[in-house]
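Hi,

Here is the structure I promised to pass on to you. Have a look at it first, and then read on for what turned up in it.

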Amino acid sequence: MNRIYLDNAATTPIDRAVIDAMLPLMETNFGNPSSIHGHGREVRSAIERARKTIAGLLNTSPAEITFTSGGTEADNMAIVRSIEKFEITHAITSRLEHHAVLHTLEYLAGKGKIKLSFVALDEKGHIDLTHLEELLRDNPKTLVSLMHGNNEIGNLLNMDKVGQLCEDYGAIFHSDTVQTMGHYRHDLQQLKVDFLVGAAHKFHGPKGVGFLYINAKNKIQPLIHGGSQERNMRGGTENVYGVVGMAKALEIAYAGMDEHRKHVEGLKERMITKLRQNIEGIEFNGDSDNLEKSLYTVLNVSFPRSDEGDMFLFNLDINKISASGGSACTSGTDIGSHVLSALNVSPERPSVRFSFSKYNTTEEIDFVVEKLSELVTG
Ligand SMILES: Cc1ncc(COP(=O)(O)O)c(C=O)c1O
């Protein structure tokens, strides 16, 4: 069997049709989209078509989509510039956020620009909405930054409830939707959200490109100053092939969403069942084994303590299985996961995040569970 890839929350393989959509912009249409001559104009129109496609899928207007270098930049832009624009003095987040959010907020708090509050979590890692409301009630001029789907344990946020609370208390709501974009439908006519984020490489698009949805009522400043690209919202020549590839990838993701979801959910369910049948003492971190309240693409498994524990990922790798101990930033190093420590998961039990895509098969899942059982029993 070929190497098995179960690290799709880190990044996904790019679709062939996405590469095909990008190639003409590398091979033929090489103009600078800011040039006013024909070479430039044809590339400009490719970018605007891509913006229209993405906006259409999210049920919003193209003017509300700004292209960025990925999820991290989009998160930074939303947080830094909304705090400045709305004279925000207080931000609420959770200890389970991606570092793109946590480190940005901690930096701003460290500089004395904001007070930072962490919302309480229940024992499964879900946001305590009562506590969130208390924090909102006590603090006017607040930014709430809570992710839709957690990249390590998969927990899903109730976006409707949080959006409603933010509206009730006049708070700005930013949601890091990097793990749900292209996997769940976001209808921006329904959602009460100020900023949403997408990163193409999480939905079978290219790396190094993403976007920020900025609700039209929020006229923030650019994060990157320079030329007048992106309607003055982001200086710098656009990543033209990235943008076009991202729109194609999102289009494909939406067209096949129900079918792919059914397939991937089936794989996750199969893995949960087989792990329970084959490995005594298996547990799942967060609410990862709850199919309704977690991402169908992520399963975070806690294995029984063993002497080989430290070598777990290494042994999986030797067996040609790519998975991860946490987010991509921590895998490959022995820095523990901030998400699992926030949930007080025992570091003595090896934890592995398996994350699936439409390209995985039931045969792969069966093979992986077989290898895992061998590794656990020695
Ligand atoms: C939840 C979440 N937010 C933000 C990011 C950062 O996205 P990017 O790699 O495009 O900068 C990631 C990627 O790992 C993620 O999973």
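A word on naming to begin with: helices (H or I, at least four residues) and strands (E, at least two) are DSSP runs, numbered from the N terminus. Please keep in mind that this is a predicted model, in which local features need pLDDT of at least 70 and side-chain atom pairs count only at pLDDT 80 or more, while totals for chains, interfaces and linings use all residues. Residues are numbered from 1 along each chain as its sequence is written, and side-chain values use heavy atoms, with hydrogens and water left out.

Glu133 and Arg137 both sit in helix α5 (residues 129-138), four residues apart, which is about one turn of the helix. The two form a salt bridge (a side-chain nitrogen of Lys or Arg within 4 Å of a carboxyl oxygen of Asp or Glu). Their closest N and O atoms are 3.8 Å apart. In total, the structure holds 23 salt bridges.

For angles, axes are lines fitted to C-alpha atoms, for helices over the stretch in contact, and the angles run from 0 to 180 degrees between N-to-C directions. Within this sheet, strand β3 (residues 90-93) pairs with strand β5 (residues 142-145) in the parallel sense over three bridges, and His90 stands opposite Thr142 in β5.

How do α3 and α4 pack, and at what angle? Helix α3 (residues 71-85) and helix α4 (residues 99-110) pack at about 30 degrees, with their axes 9 Å apart. That makes α3 roughly parallel to α4 (angles under 35 degrees count as such). Among the residues that meet are Ile79 and Ile83 in α3, and Leu105 and Leu108 in α4. By class, this contact has seven nonpolar, three polar and one charged residues. Here Ala, Val, Leu, Ile, Met, Phe, Trp, Tyr, Cys and Pro count as nonpolar, Asp, Glu, Lys and Arg as charged, and the others, Gly among them, as polar.

There is also an open sheet of three strands, in the order β9-β10-β12, with antiparallel pairing. Here β9 (283-284) and β12 (351-355) are the edge strands. Strand β10 (residues 298-302) pairs with β9 over two bridges, and Ser302 is the bridge partner of Glu283. Helix α9 (residues 257-278) packs on this sheet, touching β9, β10 and β12, at about 15 degrees to the direction of β10.

Finally, α9 also packs with helix α12 (residues 362-377), at an angle of about 25 degrees and with the axes 10 Å apart. The two helices are therefore roughly parallel to each other. Leu267 and Met271 in α9 are among the residues that meet α12, where Ile365 and Leu372 take part.

Enjoy exploring it!

Conventions:
Pairing = 2+ DSSP bridges. Contact = heavy atoms within 4.5 Å. Parallel < 35°, antiparallel > 145°, perpendicular 65-115°, else oblique.
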